[in-house]
Structures are given as structure tokens and as C-alpha cells.
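Colleague: I'm new to reading models like this one. Could we go through it together, one question at a time?

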Amino acid sequence: MNEQEIINAENRLMANVFSKKPIVITRGKGALVWDINGKEYVDCTGSYGVALLGHSHPKIVEAVCKQAEKLISCHAGYYNDRRAEFLQKLTSITPKGLNKAFLSNSGAESVECAIKLARKYTGKPEIIAMMGAFHGKTMGALSATWDKKYREPFQPLVPEIKHVPPDNLEKAKEAISDKTAALLVEPIRGEGGIRVPPSGFLAGLREICDEKRILLIFDEVQTGLGRTGKLFACEHWGVIPDVMCLAKPLAGGLPLGATVAKEEVMSSLKIGEHSTTYSGNPLVCAAGCAAIDLLIEEKVAERAAMLGAHFKSQLENLKSEHHIVKEVRGLGLMLGMELKFDVLHVLFKSMENGVLVLDAGRNVVRFLPPFVISKEQIDKVISVLDVVLKEEENARSRDSPAN
Ligand SMILES: Cc1ncc(COP(=O)(O)O)c(C=O)c1O
């Protein structure tokens, strides 16, 4: 198929739910991707954070090819060597006490499991999430997601899921009633604009949950596995939840979600109460084993911290040069640059200039690059943004001289 045929096929045959950019990406390596015409892009989207280890990492490719020859599918009703190995590796890196997992296929599914788990373990129905949160788009996860553009068309949503203002311990405490099962929180809000909480917030939530005897669930789907400069973002504040949701880079790019919980919490789910046909698929678990080995051997978190500090200081420099930049936020390689206006045009202009970046809400340019991104590639991203921001500034001052 040529470029236009591919675009036509997706537009005609695929549910029209994605806001499409007009390029066809056919190849990737490390922090780079190429379109069908051979044009190169520095990928700061990392496929929405999935490609943390880099595109087509040779060790992931090798693990997948080897396993594909041996066994691709095996229902979790049977035991499997790769699945057992993956579970051992996963629970060897998760925070202390989180040592029993349910394996699924996506971030939203990992949240679904956490919600069911909280209700089952506590025997109570209510989940308290944060305003501004994003937890996915399946019905349970969607009910905990805040943005009304995602929620409103699908009401009524799952009952007894409510929202409180983020970063506010008083409000969280007030909201807890005798029917509350859990607090569900992203340690750093991703879609919500790369919002790092104030220093005592997560520790305060932990105290409240202990006092009220409810579960603390961290959604580390975007922040987990080295992205923020620690293996898990909750380590920045030394707080351990009762349940943790993981996905995105967990299998080096293949679809894998995991809900990891304290043994007694996960054991409240009995046979048949939760499942998915693909749970612990051997091919994906082989990729997951290789991904966890890489996380450790290649010191992904340390490198994300080091490169992230460089990236962030460069973004700060852009802020000091461009008055349309309001704020730079984030930790490690999870960064955001808030502009004073809608960022969509900046996304498209950067793409034309060989740099892929994401949005996070309307006004924030989000960066989730692979940890293998080089300093030179970061510098290229910065110089492209420098030009694009200058153009935006000029265009805006032309349109509104008083601006
Ligand atoms: C914090 C968080 N939770 C859950 C999800 C949902 O993950 P998925 O798109 O794999 O269902 C996302 C996706 O961006 C996310 O950022």
C-alpha cells in the first residue's frame, strides 16, 4: 500500500476515535522513527510512553522471536515457564510488600482490576479519585477519569466513584465515608498536565488511608518502570501503596498490564471473579522478562533522571527566551511545558520539523521519550521547539499587537 492508500484504509475502516496526524510511521529504532517516505523524527511521544526502552530494542526483539517459535499462547488456567519467570522478575522489583499480581493487557485493565479488588477486599463500594485524573477509558477506569469530554457521552458510569480536588489532604479526608473502599491516585498526573504533587501529599494520603483503613491505589501506568528517574514514582516520596497499576512500557512495547497488590489484598479475589483470556500470555511475558532485565542492567531509572535533568534545564532555557511558555514541569523523562495557549499547532509544526511531541490537556506540550534518547537528540528537539515557539510568538504578535 502506498501512503495515501494506508491513510484512506485507516480513515475508512478504523473507528474514528483517534485524532490522527498525517504521517505514516513504518519503522523505529531507539528514540527515532521514520515515516513511509524515509523522513526521520525524534520521538518524544514514545508511543504515549510505551516505548520507554526505545523502539525495537534488540533484546526485546530477540526474546519475542525466540518465544514465538516455542509457544505463543497459553491460557492462565495452565502453568507456563515464561509467565512464572515474568511474575518472579516483576515482584522482585515492585515496592516492598506488593508481591502478588494480576496480568492483563493495558493500563485501563490494570485499573479495572484495582477497582474490583478494592471493592472485593473491603466489601465497600466507593472509590475516591482525583479531579484532573486520567485512568483509561473502559467503563470502570473511565468512571475514575476526570475529563468530562471522555465521560459525558457514556453516562451513567459506574456508581460510587467520586472525585476530590488534587493535592488537598483535607478534602480527601473529608470525602471518606464508611462506604469508602479506596483512594485512587496517579503519583504524577500525566494527561492532567504533568503535575507533580507537593512533597507531603502522597505521604499524607498514606496516613489517611491507614487511619481510615481504606486502600491506597497508585496508578503508575505512565509514571512507572523508570520513567520519572526512579523505578516507581512513589519512591520519590518513599510511599508504598496497597495496590499499584502498571502497563505502558512493561513489556518493551507489547501490550501488558499488571495490577500488583499486597498478598492478602490480591488473595481476596477468588477463582473466576476476575480474568482475561490473554492473562500472562507467554509471548508478552517473554518480552516482559527482557524488559525488566533491561530496566535493571541498563539502569533505566538513573539514565532517565540524568537525561531528564538535562532536558528539563533546556526547556527552562526555552521558557526564559519565549514569553509564551508559562511553566516547565516534571521528573525524569516525564516532562511538560505549559504554554499560554492551545499547543496543537506547536505539535504539528514540530512534526513538520522532525520532532514528535504529545499534548497533555489543551495547553501543555508533553515529552515521554525513550530512555535511549541521546543528548544530541534532545538538543535537536530543543532547537526545533525554539524555532516553532519563535514563529508562534511572531504570529501571535502580528495577530494581536497588544499581546
Ligand atoms: C495514568 C494512566 N492510567 C491509565 C491509562 C490507560 O492506559 P491504556 O491506554 O493502556 O488503557 C493511562 C494511559 O495513558 C494513563 O496515563
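**Loops, sheets, helices and cores**

Colleague: In which loop is the place of Arg 213?

Modeller: Some naming first: helices (H or I, at least four residues) and strands (E, at least two) are DSSP runs, numbered from the N terminus. Arg 213 sits in the loop between helix H9 (201–212) and strand E8 (215–219).

Colleague: What is the phi of Arg 213 near?

Modeller: Keep in mind that this is a predicted model, where local features need pLDDT of at least 70, side-chain atom pairs count only at pLDDT 80 or more, and totals for chains, interfaces and linings use all residues. Residues are numbered from 1 along each chain as its sequence is written, and side-chain values use heavy atoms, with hydrogens and water left out. Arg 213 is a residue other than glycine, and its phi has a positive value, near 55°.

Colleague: Is Arg 213 buried or exposed?

Modeller: We go by relative accessible area: buried is under 20%, exposed is over 50%, and partly exposed is in between (1.4 Å probe, protein chains only). The value for Arg 213 is 74%, which means it is exposed.

Colleague: What is the relative accessible area of Lys 248?

Modeller: Lys 248 is another non-glycine residue with a positive phi, near 30°. Find it in the loop between strand E9 (243–246) and strand E10 (257–262). Lys 248 is partly exposed, because its relative accessible area is 22%.

Colleague: Which residues does the cis peptide bond join?

Modeller: Head for the loop between helix H7 (148–151) and strand E6 (161–164), where Pro 156 is found. The cis bond there has an omega of about 5°, and it joins Gln 155 and Pro 156.

Colleague: How far apart are the axes of H4 and H11?

Modeller: Helix H4 (residues 81–93) packs against helix H11 (residues 282–297) at about 35°. Among the residues making the contact are Phe 86 and Leu 90 of H4, and Cys 289 and Ile 292 of H11. The distance between the two axes is 8 Å.

Colleague: Which residue stands opposite Val 365 of E15?

Modeller: Start from strand E12 (residues 334–339), where six of the six residues are buried. E12 pairs with strand E15 (residues 364–367) in the antiparallel sense, over four bridges. Opposite Val 365 stands Met 337.

Colleague: Which residue in the hairpin of E11 and E12 takes a positive phi?

Modeller: Strand E11 (residues 325–331) and E12 run antiparallel and are joined by six bridges. Glu 327 stands opposite Glu 338 in E12. The hairpin has two residues between its strands, and the positive phi, near 60°, belongs to Gly 332.

Colleague: How many residues does the largest nonpolar core have?

Modeller: A nonpolar core is a set of buried Ala, Val, Leu, Ile, Met, Phe, Trp, Tyr and Cys residues joined through side-chain atoms within 4.5 Å. Phe 311, Leu 315, Met 337 and Phe 367 have the most contacts inside the largest one. H11 gives the largest share, 10 residues.

Note on methods
Axes are lines fitted to C-alpha atoms, for helices over the stretch in contact, and angles run from 0 to 180 degrees between N-to-C directions. Contact means heavy atoms within 4.5 Å. Two strands pair if DSSP finds at least two bridges between them.
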